[in-house]
Amino acid sequence: MIKLIISFFLLYVPLIASSNDITECHIYTEKFNKMYRLPNKLLTSISLVESGVIEGNIVNPWPWALNVNGKSKYFENKKDTLSFLRDSLQKNRNIDIGCMQINYKFHGHNFKNLDHILNPEENVKYAAEFLRKLFKRHKSWNEAISRYHSSEPVRKKKYLKKVRIFWDKLRQR
């Protein structure tokens with residue numbers, strides 16, 4: 001009986017776990033997904049690909065994530081993330097930031113400062129606006145999703161495949 005209960009629990013454990021920092025990204029991906037009328041669970045799926053951390057069988061988007069030179073870095077809090085980000089920007093402006101991994105080199109000018117781009121609400125809101133613009137330009141969600149990450153055909157294809165895996169799973173719940 002205990003095995004049955006544990007099996008049932010494991011099958012229905014949500015992809016998004018509970019804790020203040022972990023749920024912040026998720027709360028805003030759901031909020032802005034609806035506000036910008038994006039396909040159901042799309043922003044959450046992208047956040048899982050972009051900043052997801054794996055703990056056991058659960059994947060959670062993480063607000064204090066950076067990608068510097070192709071290497072993902074996860075921090076315990078906003079203060080440590082900002083400190084590392086400030087130091088890294090002295091040498092390299094091509095850094096992805098936060099829940100949605102907004103690239104500073106290409107999009108940083110759209111934010112007031114580093115605190116603003118790292119703020120989970122602002123980070124996710126910007127991603128929703130950007131995704132909506134990509135869809136308007138390309139008239140295809142698959143193309144918009146792909147171009148959220150890159151314009152290079154091989155990278156676009158790989159990225160779309162990753163997002164679709166999470167998106168298909170989340171929409172089944």
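**Entry 1: Ile-97**

I started with Ile-97, which is buried at a relative accessible area of 0%. For the record, buried means under 20% relative accessible area, exposed over 50%, and partly exposed in between, with a 1.4 Å probe and protein chains only. This is a predicted model, so I note that local features need pLDDT of at least 70 and side-chain atom pairs count only at pLDDT 80 or more, while totals for chains, interfaces and linings use all residues. Residues are numbered from 1 along each chain as its sequence is written, and side-chain values use heavy atoms, with hydrogens and water left out.

I placed Ile-97 in strand S5 (residues 95–97). Helices (H or I, at least four residues) and strands (E, at least two) are DSSP runs, numbered from the N terminus. Then I listed what Ile-97 touches, taking contact as heavy atoms within 4.5 Å. Beyond its neighbours within four places in sequence, Ile-97 is in contact with Ala-65, Leu-66, Leu-85, Ile-102, Tyr-104, Ile-117, Leu-118 and Asn-123.

**Entry 2: strand S3**

Which residue is the bridge partner of Leu-66 in S5? I found Ile-97 there. S3 and S5 run antiparallel and are joined by 3 bridges; strands pair if DSSP finds at least two bridges between them. S3 (residues 65–68) is covered on both faces, with Ala-65 and Asn-67 buried on one side and Leu-66 and Val-68 buried on the other.

S3 also has 4 bridges to strand S4 (residues 71–74), again antiparallel. Val-68 stands opposite Lys-71 in S4. The two strands make a hairpin with 2 residues between them, and Asn-69 in the turn has a positive phi of about 55°.

Next I looked up the largest nonpolar core, which has 43 residues. Such a core is a set of buried Ala, Val, Leu, Ile, Met, Phe, Trp, Tyr and Cys residues joined through side-chain atoms within 4.5 Å. Leu-43, Met-100, Leu-131 and Tyr-148 have the most contacts inside this core. Helix H7 (residues 120–138) gives the most to it, with 7 residues.

Leu-43, Ile-46, Ser-47 and Glu-50 are among the buried residues of H3. Why is helix H3 (residues 42–51) largely enclosed by the rest of the structure? I put it down to burial, because 9 of its 10 residues are buried.

**Entry 3: salt bridges**

I searched the whole structure and got 7 salt bridges, each a side-chain nitrogen of Lys or Arg within 4 Å of a carboxyl oxygen of Asp or Glu.

Glu-121 meets Lys-31 at 3.0 Å, N to O. This pair links distant parts of the chain, H7 and helix H2 (residues 20–35), 90 residues apart. Glu-121 is partly exposed at 26%, and Lys-31 is partly exposed at 35%.

Glu-143, Arg-147 and Lys-156 are linked in a network of salt bridges. Glu-143 reaches Arg-147 at 2.6 Å, N to O; both lie in helix H8 (residues 141–149), 4 residues apart, about one turn of the helix. An α-helix has 3.6 residues a turn, so residues three or four places apart point the same way. Glu-143 also meets Lys-156 at 2.6 Å, N to O, and that link runs from H8 to helix H9 (residues 153–171).

Buried or partly exposed: which is Lys-156? I have Lys-156 as buried, at 13%, while Glu-143 is partly exposed at 23% and Arg-147 is partly exposed at 26%.
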